[in-house]
Amino acid sequence: METIARGVNARVRGDRIVEAWFGSHREPFKTPPARQLKGLIERRIESVHRSGKHIVVELGRQDDPRRSAEGGEISAQWIVHLGMTGRLLVTTHDAAAAKHTHARLRLKSGRELRFVDPRRFGRLEFRDLAKGTAFGGPGAEPLTIEGEEFAELFRGRKLAIKAALLNQTLLAGVGNIYADESLFRAGIRPKRRAGKLTRVELERLRRALKEVLEHAIRLGGSSVSDYVDADGMKGFFQLEHNVYQRTGEPCRKCGSDIKKIVIAGRSTHYCARCQH
DNA sequence: CATTTCACCTGGTGGC
DNA sequence: TGCCACCAGGTGAAAT
């Protein structure tokens, strides 16, 4: 998400939305498409960034094009969640639309911001900040959270640490890959009860999570080219992950077989010899 | 309240 | 080639 947000930001920041189109599926519209269309039109894109797993497009005022041409004030937000298969693409406005394109925002520059999502698990939301609050979930940011607060998240919890890591109201932005990879790096078994981890283990986990995420962002960031899609991510995943989707393959540290189990309905990969 | 299960979707893969 | 079971970067409602 971080890589995608940066890529999109670099391509659309400062541009203006001149036309919007939404597909007719009932999903993935958290805000009715007609309201999104009305709200998005004629706004300047001030910036694009990531918050947890959401991509937030910050938008300027609608009623004063001259003032917002210079940028600055945020008065609305377009919030994109990509679900499992969502893509945010920046194309030219005349490029052929991919199958499962649900939203197209035509920009003044001739570019187009598109939302494509085959499985429709993604969500699109529009927020008018004059009428409501800015986007922000309860979950802490894994990249910046400090030791004390991190440990407090898991105190007294009986669920598996893997399940706790995936809970977006505790930590925002940790998905299945990074949960497995950070637990491997920290040497902790995914089934361990969150509340029973020692303070030392929790600190190892916090650092491992941060390092894994930073490493992923570095590699993903280097692979973005003229448009934004998942191609670059494939390279990272194949080359760098230690346990995720490596069931039966030898552990890169000790050589024993990587195991696969199910926790919280999600496939979970770990090394029984390196993780305790 | 905390935790787990399952439906929501389409597409790709591998077995027969 | 066709058919089918199974799996997939996530979440949130319903059940326990």
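Let me begin with F22, which counts as buried because its relative accessibility is 11%, where buried means under 20% relative accessible area, exposed over 50% and partly exposed in between, with a 1.4 Å probe and protein chains only. This is a predicted model, in which local features need pLDDT of at least 70 and side-chain atom pairs count only at pLDDT 80 or more, while totals for chains, interfaces and linings use all residues. Residues are numbered from 1 along each chain as its sequence is written, chains are lettered from A and ligands numbered from 1 in the order in which they are written, and side-chain values use heavy atoms, leaving out hydrogens and water.

F29 is also buried, at 10% relative accessibility. A search of the whole structure gives 2 aromatic pairs, taking rings of Phe, Tyr and Trp (its six-membered ring) with centres within 6.5 Å, and calling planes under 30 degrees apart stacked, over 60 edge-to-face and the rest tilted. The rings of F22 and F29 have centres 5.7 Å apart and planes at 80 degrees, so this pair is edge-to-face. F150 and F154 form an edge-to-face pair as well, at 5.1 Å centre to centre and 70 degrees between the planes.

Both F150 and F154 belong to helix 4, residues 147-154, helices being DSSP runs (H or I, at least four residues) numbered from the N terminus. F150 is buried at 1% relative accessibility, and F154 is buried at 1% too.

Methods
Helices (H or I, at least four residues) and strands (E, at least two) are DSSP runs, numbered from the N terminus.
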